[in-house]
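Biologist: I would like to learn how to read a model like this one. Could we go through it together, feature by feature?

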Amino acid sequence: MNTELLNKFEALPTPFYYYDMELLNETLDFAKREADKYNFHLHYAVKANFNEPILKCISEKGFGADCVSGREVETAVKSGFKPSEVVFAGVGKSDAEINAALDLNIFCFNCESVQEIEVINELAAAKGKTAQTALRINPNVNANTHKYITTGLSENKFGINMWELDDVLEVLKKSDHIELIGLHFHIGSQITDLTSFKNLTSKINTIQQWFYSRQIIVKVINAGGGLGIDYHSPDGQIPDFAEYFRIFNEFLELRPEQEVHFELGRSLVGQCGSLISKVLYIKNGLKKNFAILDAGMTELIRPMLYSAHHELENISSSSSEIIKYDVVGPICESTDCFAKDLELPQTVRGDLFRIKSAGAYGEVMVSDYNLKTLYPAQYS
Ligand SMILES: *Cc1c(COP(=O)(O)O)cnc(C)c1O
């Protein structure tokens with residue numbers, strides 16, 4: 001039983017997302033403080049959570065934004081992020097999205113293919129503008145994370161491969177409306193083994209040598225995001241930004257005029273969010289007990305999509321009897337299950353559950369499948 005949360009939530013219709021704004025503030029302040037030690041620039045990856053109060057809170061702290069669509073760019077700017085601190089990545093930017101970002105004069109397009117450079121050059125020329133761009137390079141570094149969220153291997157669709165760089169330089173020479181300002185890398189998400197980042201720094205150093213030897217020194221090195229969080233012990237947890245930034249500071253070889261940028265999503269917002277859901281029914285099967293919640297994969301799809309683990313807490317029960325349950329949602333799919341054979345205090349209809357670490361890639365992936373109702377988010 002968690003009396004504090006129970007009192008707060010008891011009267012509210014479920015399911016809904018709940019955001020602990022104190023934890024968010026603490027997390028943002030710590031990340032910023034550690035990054036400031038080295039003059040590193042932080043962009044928040046909007047796709048992790050675009051809930052408006054969250055975006056406002058992050059923009060007010062002076063973060064830039066990392067966007068992957070035109071609407072994300074527009075949403076970020078509306079929420080207070082300065083266009084001059086917005087970067088725009090993604091393998092499939094449409095002409096309309098590029099035009100909208102050009103109109104807003106964003107800081108940088110992170111280009112992911114030769115053809116994209118040509119298209120941005122044409123669209124910028126039509127507007128009489130010059131687009132600042134970084135090349136997203138696929139560094140072929142293994143992030144040692146789930147295969148669905150690895151992005152920096154040569155078999156992934158993301159980025160420009162090393163063997164294409166000669167062609168890229170040829171195209172850049174002919175592209176008068178493109179200014180190359182940076183190199184960009186993003187190797188994946190939920191990376192908890194920090195040696196992956198150390199490996200990334202040594203790849204970046206090698207790639208920079210390739211550019212130096214062709215008399216190209218870019219101003220911006222953007223190391224992407226991907227720092228993971230601890231889904232197994234989430235309470236009050238703040239990721240180790242100190243060690244993360246220290247690795248880049250120690251191992252990246254930079255020229256004095258170069259800036260280092262990061263794009264963090266999950267590590268900033270993951271732990272501050274929970275999904276609150278009510279037990280609708282307890283069903284006793286032949287070998288199993290099912291606790292059926294009023295939230296399912298339509299409200300939080302990570303367990304079903306990536307086999308992700310989320311800690312579950314029954315905040316209502318004070319029973320000392322421990323029973324195993326499969327905790328499932330109401331959606332008409334057998335995969336709609338949050339946890340199997342989970343030991344919980346005896347659970348009854350009406351109990352409230354908190355599904356933890358749901359602040360990143362949770363609410364943003366909500367879908368209308370089955371047309372269930374999600375109630376407005378609550379904030380501490
Ligand atoms: C998703 C994404 C990020 C953020 O990843 P996290 O794992 O949430 O930190 C950063 N950069 C790019 C290009 C992305 O696509």
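Modeller: Gladly! Keep in mind that this is a predicted model. Let us begin at the ligand: a polar side-chain atom of lysine 47 lies 2.7 Å from one of the ligand's oxygen atoms.

Biologist: Which backbone atom lies 2.8 Å from an oxygen atom of the ligand?

Modeller: That is a backbone N or O atom of arginine 266. Glycine 265 also takes part through its backbone, with a polar atom 3.0 Å from a ligand oxygen. For a pair of N or O atoms, the cut-off for a polar contact is 3.5 Å.

Biologist: How much of the ligand's area does the protein bury?

Modeller: The general idea is to take the ligand alone and then ask what the protein covers. Here the ligand by itself exposes 390 Å², and 94% of that is buried by the protein.

Biologist: How many residues surround the ligand, and which are the closest?

Modeller: The ligand has 15 residues around it, and Lys47, Ser189, Glu263, Arg266 and Tyr361 are the closest. By class, the shell holds 4 nonpolar, 6 polar and 5 charged residues.

Biologist: Let us turn to strands. Which way do the side chains of strand 15 point?

Modeller: First the general idea: in a regular strand, side chains alternate between the two faces of the sheet. In strand 15, residues 352–355, Leu352 and Arg354 point one way, while Phe353 and Ile355 point the other way. All of these residues are buried.

Biologist: How many bridges join strand 10 to strand 15, and do they run parallel or antiparallel?

Modeller: Strand 10, residues 273–284, is joined to strand 15 by 4 bridges, and the two run antiparallel. Strand 12, residues 312–314, also pairs with strand 15 in the antiparallel sense, over 3 bridges. You can follow both pairings from arginine 354: isoleucine 276 has arginine 354 as its bridge partner, and glutamate 313 stands opposite arginine 354 as well.

Biologist: Is cysteine 108 buried or exposed?

Modeller: Cysteine 108 counts as buried because its relative accessibility is 2%. Cysteine 111 is buried too, with a relative accessible area of 0%. The cut-off for buried is under 20%.

Notes:
Residues numbered from 1 in each chain as written. Predicted model: local features only at pLDDT ≥ 70, side-chain atom pairs only at ≥ 80, totals over all residues. Heavy atoms only, no water. Near = heavy atom within 4 Å. Polar contact = N/O pair within 3.5 Å; in protein donor to acceptor, adjacent residues only side chain to side chain. Areas by Shrake-Rupley, 256 points an atom, 1.4 Å probe, with all protein chains shown as cover. Nonpolar A, V, L, I, M, F, W, Y, C, P; charged D, E, K, R; others polar. Buried < 20%, exposed > 50% of the residue type's maximum accessible area, 1.4 Å probe, protein only. Pairing = 2+ DSSP bridges.
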